[in-house]
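The following note is intended for a colleague who is meeting this structure for the first time. Please read the numbered points alongside the sequence and the model.

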Amino acid sequence: HKTHHLPGKSIFEWNDLFSLFFGGIAVWLIFSGLKESDNRFWAGVGIASYGILYFILHDVMIHGRMRLMRYSGNRYIRALIRAHKVHHKQLERVGSESFGLLWVSKKYFN
């Protein structure tokens, strides 16, 4: 958590290891459940979907890691960015405010 809140010197962060770890699990689940289309397949699809959504919202839109979207006129996206900035004011986990990924408190829409 702390390394994500410190300015990075590289395009990659230690936090990116979570993506590799859970991405690997998602791929394994998808392929192991593909033939029967069972719960493993759908669990893998769910993990992968969350990971893709997290990457787009958090890394691309909020942190601008790919410089694809620097500003959004969307009210929800602006509130999400505002909430995430408050989250980043605190370096430590204890005492930090959760910004949510999809749910944004009404106070950030003002």
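1. A residue is called buried under 20% relative accessible area, exposed over 50%, and partly exposed in between, using a 1.4 Å probe and protein chains only. With a relative accessible area of 26%, Tyr54 is therefore partly exposed. Tyr54 is found in α3, helices being DSSP runs (H or I, at least four residues) numbered from the N terminus.

2. The model is predicted: local features need pLDDT of at least 70, side-chain atom pairs count only at pLDDT 80 or more, and totals for chains, interfaces and linings use all residues. Residues are numbered from 1 along each chain as its sequence is written, and side-chain values use heavy atoms, with hydrogens and water left out.

3. A nonpolar core is a set of buried Ala, Val, Leu, Ile, Met, Phe, Trp, Tyr and Cys residues joined through side-chain atoms within 4.5 Å. The largest one has 8 residues, namely Leu57, Met61, Ile77, Ala79, Leu80, Ala83, Val104 and Tyr108. Two or more residues come from each of α3 (39–62) and α4 (75–88); α4 gives the most, with 4.

4. Which residues does Val104 touch, leaving aside those up to four places away in sequence? Val104 touches Tyr76, Ala79, Leu80, Ala83 and Phe109, contact meaning heavy atoms within 4.5 Å.

5. A search of the whole structure finds 3 aromatic pairs. Rings of Phe, Tyr and Trp (its six-membered ring) pair if their centres lie within 6.5 Å; planes under 30 degrees apart count as stacked, over 60 as edge-to-face and the rest as tilted. The rings of Phe21 and Phe22 are edge-to-face because their planes stand at 75°, with centres 5.0 Å apart. Phe21 counts as exposed at 52% relative accessibility, whereas Phe22, at 41%, counts as partly exposed.
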